[in-house]
Amino acid sequence: MKPDWQDLVITSHLDTVETIRKLIEDKEYEEAMEGLDELYENMSNADKRALESQLVRLMVHILKWRYQPQKRSTSWVRTIVNARREIQKLQKYMPSLNVQFIENNWQESFEDATEEAKAEMNLSRKDKFEPAPLTWQEVFEDEYLL
(Lines give C-alpha, C1' and ligand atoms only; values in the text may rest on other atoms or scores of the structure.)
Protein backbone atom coordinates (compact mmCIF):
# COMPACT_ATOMS: atom_id res chain seq x y z
CA MET A 1 0.00 0.00 0.00
CA LYS A 2 1.30 3.41 -1.00
CA PRO A 3 1.88 5.76 1.97
CA ASP A 4 -0.06 9.03 2.20
CA TRP A 5 3.10 11.14 2.27
CA GLN A 6 1.43 14.45 3.05
CA ASP A 7 -0.39 13.02 6.05
CA LEU A 8 2.65 11.08 7.25
CA VAL A 9 4.99 14.08 6.99
CA ILE A 10 2.58 16.30 8.90
CA THR A 11 2.09 13.65 11.57
CA SER A 12 5.70 12.64 12.23
CA HIS A 13 9.06 13.24 10.58
CA LEU A 14 10.44 10.22 12.42
CA ASP A 15 7.70 7.91 11.11
CA THR A 16 8.27 9.32 7.63
CA VAL A 17 11.99 8.51 7.80
CA GLU A 18 11.24 5.01 9.09
CA THR A 19 8.80 4.43 6.22
CA ILE A 20 11.36 5.67 3.68
CA ARG A 21 14.01 3.42 5.21
CA LYS A 22 11.73 0.39 4.92
CA LEU A 23 10.95 1.23 1.29
CA ILE A 24 14.66 1.45 0.51
CA GLU A 25 15.25 -1.92 2.21
CA ASP A 26 12.45 -3.32 0.01
CA LYS A 27 14.09 -1.70 -3.05
CA GLU A 28 11.04 0.55 -3.60
CA TYR A 29 13.29 3.44 -4.61
CA GLU A 30 10.79 5.51 -6.57
CA GLU A 31 8.29 5.51 -3.70
CA ALA A 32 11.08 6.28 -1.22
CA MET A 33 12.10 9.29 -3.34
CA GLU A 34 8.52 10.58 -3.27
CA GLY A 35 8.65 10.39 0.51
CA LEU A 36 11.99 12.17 0.64
CA ASP A 37 10.71 14.93 -1.64
CA GLU A 38 7.63 15.45 0.53
CA LEU A 39 9.71 15.44 3.73
CA TYR A 40 12.17 17.95 2.25
CA GLU A 41 9.36 20.28 1.17
CA ASN A 42 7.68 20.10 4.57
CA MET A 43 10.89 20.78 6.49
CA SER A 44 11.79 23.66 4.17
CA ASN A 45 8.38 25.25 4.67
CA ALA A 46 8.67 24.81 8.43
CA ASP A 47 11.96 26.75 8.42
CA LYS A 48 10.38 29.51 6.34
CA ARG A 49 7.44 29.77 8.73
CA ALA A 50 9.84 29.80 11.69
CA LEU A 51 11.83 32.69 10.22
CA GLU A 52 8.66 34.64 9.41
CA SER A 53 7.42 34.07 12.95
CA GLN A 54 10.69 35.29 14.46
CA LEU A 55 10.68 38.34 12.18
CA VAL A 56 7.16 39.27 13.30
CA ARG A 57 8.12 38.70 16.95
CA LEU A 58 11.15 40.96 16.49
CA MET A 59 9.15 43.68 14.76
CA VAL A 60 6.43 43.61 17.44
CA HIS A 61 8.93 44.34 20.18
CA ILE A 62 10.62 47.08 18.20
CA LEU A 63 7.26 48.71 17.54
CA LYS A 64 6.42 48.51 21.23
CA TRP A 65 9.88 49.93 22.02
CA ARG A 66 9.20 52.83 19.69
CA TYR A 67 5.65 53.60 20.87
CA GLN A 68 5.73 52.66 24.57
CA PRO A 69 9.09 53.91 25.88
CA GLN A 70 7.70 54.08 29.42
CA LYS A 71 7.15 50.29 29.41
CA ARG A 72 10.54 49.20 28.09
CA SER A 73 11.98 46.24 29.95
CA THR A 74 14.86 43.80 29.99
CA SER A 75 12.35 41.21 28.78
CA TRP A 76 11.86 43.22 25.60
CA VAL A 77 15.62 43.52 25.13
CA ARG A 78 16.00 39.74 25.56
CA THR A 79 13.21 39.09 23.08
CA ILE A 80 14.85 41.33 20.47
CA VAL A 81 18.24 39.68 20.98
CA ASN A 82 16.76 36.16 20.95
CA ALA A 83 14.68 36.74 17.81
CA ARG A 84 17.71 38.10 15.97
CA ARG A 85 19.78 35.10 17.07
CA GLU A 86 17.08 32.63 15.98
CA ILE A 87 16.86 34.29 12.57
CA GLN A 88 20.64 34.02 12.19
CA LYS A 89 20.53 30.33 13.12
CA LEU A 90 17.77 29.63 10.61
CA GLN A 91 19.78 31.43 7.93
CA LYS A 92 22.89 29.43 8.83
CA TYR A 93 21.12 26.09 8.39
CA MET A 94 18.94 27.17 5.47
CA PRO A 95 20.94 29.55 3.24
CA SER A 96 17.90 30.25 1.04
CA LEU A 97 16.45 32.21 3.97
CA ASN A 98 18.67 35.12 3.02
CA VAL A 99 18.26 38.90 2.90
CA GLN A 100 16.17 38.62 -0.25
CA PHE A 101 13.78 36.17 1.44
CA ILE A 102 13.38 38.57 4.37
CA GLU A 103 12.88 41.56 2.08
CA ASN A 104 10.24 39.64 0.09
CA ASN A 105 8.35 38.97 3.32
CA TRP A 106 9.02 42.34 4.97
CA GLN A 107 5.71 44.09 4.25
CA GLU A 108 3.51 41.17 5.24
CA SER A 109 5.55 40.60 8.40
CA PHE A 110 5.31 44.31 9.24
CA GLU A 111 1.54 44.25 8.80
CA ASP A 112 1.25 41.17 11.03
CA ALA A 113 3.57 42.79 13.60
CA THR A 114 1.51 45.98 13.57
CA GLU A 115 -1.64 44.02 14.40
CA GLU A 116 0.08 42.02 17.15
CA ALA A 117 1.71 45.14 18.63
CA LYS A 118 -1.64 46.88 18.65
CA ALA A 119 -3.16 43.99 20.59
CA GLU A 120 -0.22 43.79 23.00
CA MET A 121 -0.41 47.54 23.62
CA ASN A 122 -4.09 47.04 24.44
CA LEU A 123 -5.33 49.31 21.69
CA SER A 124 -8.90 48.80 20.54
CA ARG A 125 -10.02 48.40 16.94
CA LYS A 126 -11.14 52.02 17.03
CA ASP A 127 -7.68 53.25 17.99
CA LYS A 128 -5.76 54.41 14.97
CA PHE A 129 -2.32 52.82 14.93
CA GLU A 130 -0.44 53.27 11.69
CA PRO A 131 3.23 53.17 12.58
CA ALA A 132 5.91 54.40 10.23
CA PRO A 133 7.61 51.50 8.46
CA LEU A 134 10.48 49.83 10.27
CA THR A 135 13.89 50.02 8.67
CA TRP A 136 16.41 47.23 8.26
CA GLN A 137 18.68 49.11 10.65
CA GLU A 138 16.00 49.29 13.35
CA VAL A 139 15.19 45.60 13.02
CA PHE A 140 18.62 44.06 12.61
CA GLU A 141 21.31 46.56 13.57
CA ASP A 142 20.25 49.04 16.24
CA GLU A 143 21.15 48.18 19.80
CA TYR A 144 18.33 48.21 22.32
CA LEU A 145 19.43 48.86 25.87
CA LEU A 146 17.71 50.16 28.97
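User: Is Ser109 buried or exposed in this model?
Analyst: Happy to start there, with the reminder that this is a predicted model. Ser109 sits in helix α5. Buried means under 20% relative accessible area. The relative accessible area of Ser109 is 4%, so Ser109 is buried.

User: Which residues is Ser109 in contact with, leaving aside its neighbours within four places in sequence?
Analyst: Contact here means heavy atoms within 4.5 Å. With the neighbours within four places in sequence set aside, the partners of Ser109 are Glu52, Leu55, Val56 and Met59.

User: How are α3 and α5 oriented to each other: roughly parallel, roughly antiparallel, roughly perpendicular or oblique?
Analyst: Two packed helices are described by the angle between their axes and the distance between the axes. For α3 (residues 29-67) and α5 (residues 99-120), the axes come within 7 Å and cross at roughly 50 degrees. That angle makes α3 oblique to α5.

User: And is the crossing of α3 and α5 left-handed or right-handed?
Analyst: Among the residues that meet there are Leu55 and Met59 in α3, and Trp106 and Ser109 in α5. By class, this contact of α3 with α5 has twelve nonpolar, three polar and six charged residues. As for the hand, α3 passes α5 in a crossing that is right-handed.

User: What about α2 and α3: are they roughly parallel or roughly antiparallel?
Analyst: Helix α2 (residues 13-25) packs with α3 at an angle of about 160 degrees, their axes being 8 Å apart. Angles over 145 degrees count as roughly antiparallel. The pair α2 and α3 is therefore roughly antiparallel.

User: How many nonpolar residues does the contact of α2 with α3 have?
Analyst: The α2 side includes Val17, Ile20 and Leu23, while the α3 side includes Ala32, Leu36 and Leu39. Sorted by class, the contact has one charged residue, four polar ones and, for the nonpolar class, nine.

User: Which element gives the largest share of the largest nonpolar core?
Analyst: That core has 29 residues, and Leu55, Leu58, Met59 and Trp106 are among those with the most contacts inside it. Two or more residues come from each of α3, α4 (74-93), α5 and α6 (136-141). The largest share is nine residues, and the element that gives it is α3.

User: Which residues is Leu58 in contact with, apart from its neighbours within four places in sequence?
Analyst: Leu58 is one of the residues with the most contacts inside the largest nonpolar core. Leaving aside the neighbours within four places in sequence, Leu58 touches Ile80, Ala83, Arg84, Ile87, Val139 and Phe140.

Note on methods:
Residues numbered from 1 in each chain as written. Predicted model: local features only at pLDDT ≥ 70, side-chain atom pairs only at ≥ 80, totals over all residues. Heavy atoms only, no water. Axes fitted to C-alpha atoms, helices over the stretch in contact; angles between N-to-C directions. Helix = DSSP H or I, 4+ residues; strand = E, 2+ residues; numbered from the N terminus. Parallel < 35°, antiparallel > 145°, perpendicular 65-115°, else oblique. Left-handed = near helix turned anticlockwise from the far one by under 90°. Nonpolar A, V, L, I, M, F, W, Y, C, P; charged D, E, K, R; others polar. Core = buried A, V, L, I, M, F, W, Y, C linked by side-chain atoms within 4.5 Å. Buried < 20%, exposed > 50% of the residue type's maximum accessible area, 1.4 Å probe, protein only.
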